[in-house]
Amino acid sequence: MTLWRSIIVVTSGLLLGSGAVAGVLPEDRTDVLYHLYDGGGVAIDGPSLLVRKQIGKSMSVVGNYYVDMISSASIDVITTASPYDEERTQWSLGMDYLRGNTTMSVNYVSSVESDFDAKTYSFAVSQDMFGDLTTLTLSYALGDDLVGRSDDPTFERENDRQQYGVGITQILTRNLITTLNFTTITDEGFLNNPYRTVRYADSGVGRGFSYEAELYPNTRTSTAVGLRAKYYLPYRAALEGEYRYFTDTWDIESNTASIAYTHPMGPFTFTAKYRWHDQTGAHFYSDLFPRQQATNFRGRDKEISPLTSQTFKFLASWEFLDDPEGWGFIKRGSVNFSYSLLSVDYHDFSDVSVGALVGEEPLYQLDSDIIQIYFSFWY
Amino acid sequence: MKIRALSRYLLLFGLLAGAAGCSNFEPWVKPYERDRLADPIMALDTAPVSSSYIQHVYEAREGARGGEGAAGGGCGCN
């Protein structure tokens, strides 16, 4: 997925690169993670390694190496192509520089696949103000992608992307912290997937429909605003709520909300989370176009169709080491296990793999298991 | 257009940073009252490597993007 992969690279860069708390450099730490996604005929797993280390008193550097090993026989693949295996490798380097109450961060991310190459450069500046109750962060990222096709070495398209972000973190009371984030992203270039197709009604074939290449607009601008609040409960537990509103020039509009509860018990910490997401479809999306080349732009990617997703997440952490003497230079260590069930109901995406009459196919539904196991070390 | 948008961000940042520097602001939550906010269970992002991954999953399967994540956390706890 061209567009989605681009977004992922930008987001990863900003997340890993802007982890600094203004006025304080991020903690020195190393995380070793194994991730597994399994659902809808797609299995993706691989490692991720993150290392962060302070250099001197005012600088911290961070590096991340991440791999996706993909084995795909998704609904899109089995209906129009053959199952495939793919590998994506991503690495990033970042630096945070602290001066007074200001933290400046730069980050570079590179993601490479056999048919896709993405580079992202990002910059963020955070300022603590008003007695350190408020942190203002501005961020900017520039993405530069090269899209190819595995079956056509001459195919090469570009995609440029710019992301602007403004965030405010505000301490409201001694128990309550909130964040407000605005993000605007503009894309320009080849935004659709070079492999994917749309289907259109075709009475000339037995099954009643045929496929043609999808064609997305060359530009997209999206805006998102997210509000988060975390509250410390009197008996040492935390309650967190989050809401996001999203809209873009493709007429996708979404609402996302989540609630999480964290409860420590000695060296163990447990978190339960529920997330709900609902979106409308893009204006050029159709499950079945009435004829070939029916519209200027056309897409049948289920990700831009109207859908509702729900996630149930459970996380358990065990802090097995918390000792100033520690293990040599390692002072703290934890092992963490996270399981999420992601369930997606598509409101206008038919499951054509069942072979029903055209227009009478059942709607597609997806359940995925998401597992993360990671060790964290602080030093 | 993009340069103008960036300029606006920088101007906003400069104005707010300047206002913060010139004011005699009295924080209503004192530094010594921030022990609960400094508790690890109150961290806005306990594991960047994990939150980055799960956001990756959502953005690959949904049409929305951005507006999430923590913009630092000005707890000034240390």
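In chain B, 40% of the 78 residues are buried, where buried stands for 20 or more other C-beta atoms within 10 Å of a residue's own, exposed for 12 or fewer, and partly exposed for anything in between, with C-beta atoms placed from the backbone. The structure is a predicted model, so to speak a computed guess, in which local features need pLDDT of at least 70 and side-chain atom pairs count only at pLDDT 80 or more, while totals for chains, interfaces and linings use all residues. Residues are numbered from 1 along each chain as its sequence is written, and chains are lettered from A and ligands numbered from 1 in the order in which they are written.

On the confidence side, the model scores ipTM 0.90 and pTM 0.88. Chain B averages a pLDDT of 73, with 56% of its residues at 70 or above; pLDDT is the predictor's confidence in each residue, from 0 to 100. Among the elements of chain B, the lowest mean pLDDT, 60, belongs to helix H1(B) (residues 2-22), and the highest, 92, to helix H2(B) (residues 35-38). Over residues 70-78 of chain B the pLDDT is below 50, yet this stretch has 45 contacts in the model beyond near neighbours in sequence. A contact here is a pair of residues whose C-beta atoms, placed from the backbone, lie within 7 Å.

As for the fold of chain B, it has three helices and zero strands, and its elements read α-α-α from the N terminus on. Helices (H or I, at least four residues) and strands (E, at least two) are DSSP runs, numbered from the N terminus. Helix H3(B) (residues 48-61) has 14 residues and reaches 20 Å from its first C-alpha to its last, close to the 20 Å expected at 1.5 Å a residue; the expected span is 1.5 Å times one less than the number of residues. The buried residues of H3(B) include Val49(B), Tyr53(B), Ile54(B) and His56(B).

Chain A is another story, with two helices and 18 strands. Of its 379 residues, 39% are buried. The C-alpha trace of chain A spans about 75 × 40 × 40 Å along its principal axes. Its radius of gyration is 23 Å, which agrees with the value near 21 Å that a compact globule of 379 residues would have; the radius is taken over C-alpha atoms, and the globule rule is 2.2 Å times the number of residues to the power 0.38. Among contacts in chain A between residues at least 6 apart in sequence, 59% join residues at least 24 apart.

Now for the strand pairing, where two strands pair if DSSP finds at least two bridges between them. Strand E3(A) (residues 59-72) and strand E4(A) (residues 84-99) run antiparallel and are joined by 14 bridges, with Asn64(A) partnered by Ser92(A) in E4(A). E4(A) is also joined to strand E5(A) (residues 102-113), antiparallel, by eleven bridges, and Arg99(A) stands opposite Thr102(A) in E5(A). The hairpin of E4(A) and E5(A) has two residues between the strands, and Gly100(A) in the turn has a positive phi of about 65°.

Further along, strand E15(A) (residues 268-279) pairs with strand E16(A) (residues 307-327) in the antiparallel sense over twelve bridges; Arg275(A) has Thr311(A) as its bridge partner in E16(A). E16(A) and strand E17(A) (residues 330-350) run antiparallel and share 16 bridges, with Gln310(A) opposite Ser343(A) in E17(A). Their hairpin has two residues between the strands, and Gly328(A) takes a positive phi near 65°.

The largest nonpolar core has eleven residues in all, among them Tyr37(A), Val42(A), Leu342(A), Phe349(A) and Ile370(A). Such a core is a set of buried Ala, Val, Leu, Ile, Met, Phe, Trp, Tyr and Cys residues joined through C-beta atoms within 7 Å. The elements giving it two or more residues are strand E2(A) (42-55), E17(A) and strand E18(A) (363-378), and E17(A) provides the largest share, four residues. Leaving aside neighbours within four places in sequence, Tyr37(A) is in contact with Val42(A), Ile44(A), Ser368(A), Ile370(A) and, from chain B, Val57(B).

Asp132(A) is found in the loop between strand E6(A) (116-129) and strand E7(A) (134-149), and counts as buried because it has 21 C-beta neighbours inside 10 Å. Gln293(A) is in the loop between E15(A) and E16(A), and with 11 such neighbours inside 10 Å it counts as exposed.

Note on methods: Two residues are in contact if their C-beta atoms, placed from the backbone, lie within 7 Å.
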